[in-house]
Amino acid sequence: MNDSFVLKGTVCYSRSRTEIAVFPDSYVVCEKGISRGVYQTLPEGYQVLPLTDYGDKLILPGLVDLHTHAPQYPFRGTGMDLELVEWLQSRAFPEEARYSDLDYARTAYRQFVDRLTRSATTRACVFATRHREATELLMDLLEDSGLATFVGKVNMDRNAPEDLREESAQVSARETRLWLEETEGRYRRTRPILTPRFIPSCTEELLEALGDIQQERGLPVQSHLSENPEEIRWVQELCPQAEFYGDAYDRRGLFGRDPSGRPFPTIMAHCVWSPPEEVARMKENGVFVAHCPASNTNLSSGIAPVRTYLDAGLRVGLGSDVAGGHTESLFRAMTDAVQVSKLYWRLVDQTAKPITFAEAFYLATKGGGAFFGNVGSLEEGYEFDAIVLDDSSLSHPQALTIPQRLERAAYLSLDLLGLHAKYVAGRQLF
């Protein structure tokens, strides 16, 4: 495998949260899967490396999806007139129950992985189902794809249909341990992540058992948080001792820090209605917010105050949240994030300035990429994830600046039609 090479083209990446760096007619160097930076003139030491000249095509960092549900992919784009809880009960849960059938899981997961591979997403944090065998099958397919992912076997031992609910907290924990044992050392690019679905679907006993597993293995955690007012009221009824929704996780060591204070990577999706106390706890514990604007709109959840989170210094990335979100396109997530922030400013809080396109691009690259480590940029020292876009089909009567080309590519869904090449950790996928 050749993981050392040079690409030439129009290079863009986020220099900071508010600034997109642009380099026309420039070289970006990959050495052993790591970016060695962007150059107007290729240094002599790199001239021996294989060179691919992409002309005026856009070379960007790969995009990072912090929250998606692989088993929901088959029914994306349907049930979009429902609210969250009704949607879960009528669409998501019945579909996820199908994954007890490995033949069905193989067909459905292959479709999901094939589409994700052909998208602009290079890294993703993925929910599977509670089925151990099907989760391992999904991990096999993702490993073969060349994508870099975290995958979670979902835990849920209450408030779910009988054919999807695990028998008990003990069974759920036992299956989780077996899943971790069977997949340990099996993959290079696919890693496990503990995945309590959300508080309503996990008993206190199960959360405590998952906290024990986290401490034993040092695993990251992903779940849902403060997505919908009805859901939050439900959590208050189930966990009256918790100060707020996130505190129900934190009491069991599943909210960015274990009981000893040791930090570990954690993603909480949505955070639409997080109170100030929850926001402060997320910042204190280093919890990542996965902002999923399409899903929050489709399921009538509301508008997450992303400007507030960014200004408060929280770690924020984007999630497609398929199939609450109707597309895996993170270009669409970028533009949705800008649009809903405008609605929040206009309709909710006129002191919350809308986010810019540059900030949305940052969230889809560096912002979410930080969960994976040094990921999300083409600056020196970052893992080399890149996509190449051909925007020549988007005719225009006058010359555009490079930032204008990039913004237009996102708003006109060029990732669906103009994705020319893709690299993950220095490996070319196509």
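Reply: Element names first: helices are DSSP runs of H or I with at least four residues, strands are E runs of at least two, and both are numbered from the N terminus. Bear in mind that this is a predicted model, where local features need pLDDT of at least 70 and side-chain atom pairs 80 or more, while totals for chains, interfaces and linings use all residues. Numbering starts from 1 along each chain as its sequence is written, and side-chain values use heavy atoms, with hydrogens and water left out.

Let's start with the second largest pocket (an open set of points on a 1 Å grid, with protein on both sides within 12 Å along at least five of seven lines; lining residues have an atom within 4 Å of a point). β9 gives the largest share of that pocket's lining, three residues. Helix α4 (169-183) and strand β9 (190-192) each put in at least two. There are 13 lining residues, and nearest the centre you'll find L180, T183, E184, G185 and P192. The volume is about 180 Å³, meaning the space filled by probe spheres set on the points. By class, the lining has five nonpolar, three polar and five charged residues; here Asp, Glu, Lys and Arg are charged, Ala, Val, Leu, Ile, Met, Phe, Trp, Tyr, Cys and Pro nonpolar, and the others, Gly among them, polar.

On to the largest pocket, at about 290 Å³. Its lining takes in 15 residues, with R188, R189, E383, V424 and A425 lying nearest the centre. Charged residues make up eight of that lining, next to five nonpolar and two polar ones.

Now the cavities, where a 1.4 Å probe fits but cannot get out. Three of them reach 30 Å³ or more. The largest holds about 100 Å³, and among its 14 lining residues L84, W87, L88, H224 and E227 are closest to the centre.
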